Amino acid sequence: MQISHDHLPLRRLGLAAAGSVVLLGIAAGPAAAHAEVSASDPRALAENVTLSFTSEAESDAAGIAELRVVLPQGIAPDAVTLKEAPEGWKLTATPDGYSVGGAALATGTDAEYSITVRQLPDAESLAFKTLETYGDGKVSRWIEVPADGRKVDNPAPLLKLQPAAPGAKPIAPSPSPTPTPTPSAPTAEPSSPAPAAAPDARKANAADSGSGNGVVVAVVAAVVVLGGAGAFRWTRRGRQS
């Protein structure tokens, strides 16, 4: 069968169109998984803001079991509380952020949760670097922060903030609890020394001592005198005899 040359251009056009459809299909294929964040009040210095996070599942073998987040500068771990999460998931503070997780979700299920932040910092944007851990131990790292408008392969969830409301001010950080002093054992009072004798008492004692000594001396002298007198009389009598 001979094909007319008039149909060749149409055939070529059809093949080209089919090829274009294939290319478009490839380009429009499923996008890479990613993590996102949104805010109930995306303004700098906004208070009691709800941040909602979504981490798309990208594993065909296991579900997401934990999300580890590094908080941006200006948000302390103790300023974050869990608002909503998959059933059984809990939030645990870490030195630089928090982790939220529990039993692994069903394979292919996106992880969605929300937290409440006491106050957003005074910034233009906030990056929440996130590590996704699956039930089989696989970890996806969404930690890259775009700079100078260039794209990155694993961007961290990025929240752009509007200017602060008029009059908005930073909240003072929560005061640290003051430790209660431990009561110490009562210190025993030093015993008071025996009161020294008063001057008059010392004089009286000295006088009494002196008086006692004088009496003794007088008695001794009397004995000596009497003894001498007796000896004199005895000698005299002996001579007269």
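## A buried alanine in a loop

In this predicted model, Ala-79 counts as buried because its relative accessibility is 11%, and buried means under 20%. Ala-79 belongs to the loop that lies between strand 3 (64–70) and strand 4 (80–84).

If residues up to four places away in sequence are not counted, Ala-79 touches Thr-116, Val-117 and Arg-118. The C-alpha atom of Ala-79 is also separated by 9.7 Å from that of Leu-120, a residue 41 residues apart from Ala-79 along the chain.

An open sheet is formed by 4 strands, which follow the order 1-2-7-4 with antiparallel pairing. Strand 1 (35–39) and strand 4 stand at the edges, and each has a single partner strand, so one side of each is left without a neighbour in the sheet. From one strand to the next, the twist averages 30°.

Within this sheet, strand 2 (residues 47–55) and strand 7 (residues 111–119) run antiparallel and are joined by 8 bridges. Thr-54, for example, has Glu-112 in strand 7 as its bridge partner.

## The hairpin of strands 9 and 10

Strand 9 (residues 129–134) pairs with strand 10 in the antiparallel sense, over 4 bridges, and Glu-132 has Ser-140 in strand 10 as its bridge partner. The two strands form a hairpin with 4 residues between them, and in the turn Gly-137 has a positive phi of about 95°.

Methods
Residues are numbered from 1 along each chain as its sequence is written. This is a predicted model: local features need pLDDT of at least 70, side-chain atom pairs count only at pLDDT 80 or more; totals for chains, interfaces and linings use all residues. Side-chain values use heavy atoms; hydrogens and water are left out. Buried means under 20% relative accessible area, exposed over 50%, partly exposed in between (1.4 Å probe, protein chains only). Contact means heavy atoms within 4.5 Å. Two strands pair if DSSP finds at least two bridges between them. Axes are lines fitted to C-alpha atoms, for helices over the stretch in contact, and angles run from 0 to 180 degrees between N-to-C directions.
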